Amino acid sequence: MPRPLVSDTSGPARLYDVTVATSMPHLEENLRYAVSRTQRCLTREDLAAAFPVLQQPPLAGCKLHEQITDEATIAYVLLCENSSGTTGTATWQIGDRHIRGTLDVTLGGKNMTFSQRLTGRLIGTCPSQ
């Protein structure tokens, strides 16, 4: 039986080569997209907080809460405790050697939307801490 790509909370974290692409369609053409790349250790539990944009001040108090899960897909809804009208959803697709997550957000009161996509290629297990 093959090991799951994203380990569960009791298993060791897996190391991924991660690309993060942020798309902000309301900005001018040359400012709409930002891309970064890094290596990250992730478990299944980490996926709800894996989107870097969730750490930004406009989303303070917002967290992803798991709604639907099956073997290959995990879906979340964005809930904000400050009731700013900000809404969003996220979905993770889990494959044999890759993961792909998409977060779509509408900022309340500003009629502004953006998305952030993470793609990860499995590199191996994480070093012991």
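C80 is buried, at a relative accessible area of 16% (buried means under 20% relative accessible area, exposed over 50% and partly exposed in between, with a 1.4 Å probe and protein chains only). Its partner in a disulfide is C62, with 2.0 Å between the two sulfur atoms (a disulfide is a pair of cysteine sulfur atoms within 2.5 Å). C62 lies in strand 3 (residues 62–69) and C80 in strand 4 (residues 73–80), so the bond ties together parts 18 residues apart in sequence; helices (H or I, at least four residues) and strands (E, at least two) are DSSP runs, numbered from the N terminus. C62 is buried as well, with a relative accessible area of 7%. The torsion about this S-S bond is about 110°, so the disulfide of C62 and C80 is right-handed.

The model is a predicted one, in which local features need pLDDT of at least 70 and side-chain atom pairs count only at pLDDT 80 or more, whereas totals for chains, interfaces and linings use all residues. Residues are numbered from 1 along each chain as its sequence is written, and side-chain values use heavy atoms, leaving out hydrogens and water.

In the pair C41 and C126, the sulfur atoms are 2.1 Å apart, and the link is left-handed, with -130° about the S-S bond. C41 lies in strand 2 (residues 33–42) and C126 in the segment after strand 7 (112–125), so this pair ties together parts that are 85 residues apart in sequence. C41 is partly exposed at 32% relative accessibility, while C126 is buried at 17%.
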